Amino acid sequence: MKLRTRLCIAFCILIFIPLLLTGMAAFGVYRTQSYAFEQAKDVLVDIGFSVLLILIFTAALMTVWIYRAIIDPIRKLEKAAQEIRDGNLDFEIEVKGNDEISELCQSFEQMREQLKQSSEERVLNEKENRELISNISHDLKTPITAIKGYVEGIMDGVADTPEKMEKYVRTIYNKTNEMDLLINELTIYSKIDTNRIPYNFSKINVAEYFEDCVEEIGMDLDSKGIGLSYINYAEDDIVVIMDPEQIRRVIHNIISNSVKYLDKQNGFINIRVRDVGDFVQFEFEDNGRGIAAKDLPYIFERFYRAEKSRNSATGGSGIGLSIVKKIIEDHGGKIWATSKESSGTTMYFVIRKYQEVPNEQNIDH
């Protein structure tokens, strides 16, 4: 019952009961006019005393009724406020009724739930940020240590032949590239959380774009002794709307992830492009160690690592595939993977084709 209704009922009772009793008293006096004055006086005293008792009893009942309707919820709110003040959000405010104070309790309970959710998200974000810093610190330390060692070798004259000098410089160059990749991932990650990834969308011919990418990737894989094949099953004139730089980042992250877990002597990566109706599908197959079925649904989540060991061979920030997923979804596409342990993994993503909208003026009616 609404508080306003309670007050109206209490007001009416406190008004009409005295009126009713007064009327009864007047009727009693009227009836006693034929009696002696003393007898009428006694009757009036008795009626007045009875009216007073009834008024006191009624007022007490109304006070208790309204008091309980107001005080009990307020005490709940007071206790809840103390819990929140002490940092405890694991409780629940029981809400009964539909009056104004019950609505206030309900709003307070919703606020508590939102505070709890925000607190849990903050704790999770802090944990993820600590993990990210730990991962980045570990993975930066490895190339920095290598660079330091090779530079000291050059300074000490260990690289005393042109061949050794070239090897040392090449290694330093590769290690700085690893550091640059990690820093780029960290930069993109910070932009993901604020939805500020810079996109420059344009119409891109799929065949031409991927031929350039494969040529660039092939040179890098060849230097690592990894085989590469590329097959385009789609038409040469298919066009998509995408950001070429960000999709290149996607491709490089997928390839880097595959290379990281190639555990066979004759490693290979197959890249395929297919026309699947309204979309173009891109496939990246490797013959690496594969991903366990229990891990496969989570590989695109931030900081998830199917490979728990931390070493130079399987390092990484743990955010590469989450960046890939974000970029593909921002292009209106979808990404997924299939894998079999000890056999390899295939990554897939699709991007919608660009289709010219016909000019209505050129349509014959």
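**Strands, helices and core**

Visitor: Which residue in strand 7 is the bridge partner of Val-280?

Guide: Ile-351 is the partner of Val-280 there. Strands here are DSSP E runs of at least two residues, and helices are H or I runs of at least four, both numbered from the N terminus. Keep in mind that this is a predicted model: local features need pLDDT of at least 70, side-chain atom pairs count only at pLDDT 80 or more, and totals for chains, interfaces and linings use all residues. Residues are numbered from 1 along each chain as its sequence is written, and side-chain values use heavy atoms, with hydrogens and water left out.

Visitor: In what sense do strand 5 and strand 7 pair, parallel or antiparallel?

Guide: Antiparallel, with seven bridges between strand 5 and strand 7, residues 344-352. Two strands count as paired if DSSP finds at least two bridges between them.

Visitor: And what about strand 4 and strand 5, how many bridges there?

Guide: Eight, again antiparallel, with strand 4 covering residues 268-276.

Visitor: OK, zoom out. What's the strand order in the sheet?

Guide: It goes 2-4-5-7-6, an open sheet of five strands with mixed pairing. Strand 2 (227-232) and strand 6 (334-340) sit at the edges with a single partner strand each, so one side of each has no neighbour in the sheet. The twist averages 15° from one strand to the next.

Visitor: Where does the parallel part come in?

Guide: Between strand 2 and strand 4, which pair that way over six bridges. Tyr-230 has Ile-271 in strand 4 as its bridge partner.

Visitor: Switching to helices: which strands does helix 5 lie across?

Guide: Strands 2, 4 and 5, and helix 5 runs at about 175° to strand 2. Those angles are taken between N-to-C directions, from 0 to 180 degrees, using lines fitted to C-alpha atoms, for helices over the stretch in contact. Helix 7 (residues 320-330) lies across strand 6 and strand 7, at about 140° to strand 6.

Visitor: Is strand 5 mostly covered or mostly open?

Guide: Mostly covered: six of the eight residues in strand 5 (279-286) are buried, which means under 20% relative accessible area, where exposed is over 50% and partly exposed is in between, with a 1.4 Å probe and protein chains only.

Visitor: Which residues touch the most others in the largest nonpolar core?

Guide: Phe-210, Ile-251, Ile-255, Phe-282, Phe-284 and Phe-349, out of 43 members. A core is a set of buried Ala, Val, Leu, Ile, Met, Phe, Trp, Tyr and Cys residues joined through side-chain atoms within 4.5 Å. Helix 5 (residues 206-223) gives the most to this one, with seven residues. Apart from this core lies another, of seven residues, among them Leu-77 and Phe-91.

Visitor: What does Phe-210 contact, beyond its neighbours within four places in sequence?

Guide: Tyr-230, Ile-251, Ile-271, Val-273, Phe-282 and Phe-284, with contact meaning heavy atoms within 4.5 Å.

Visitor: Last one: which residues in helix 6 are buried?

Guide: Nine names come up, including Gln-246, Ile-251, Asn-253 and Ile-255. Helix 6 itself spans residues 244-260.

How values were computed. The expected span of a helix is 1.5 Å times one less than its number of residues.
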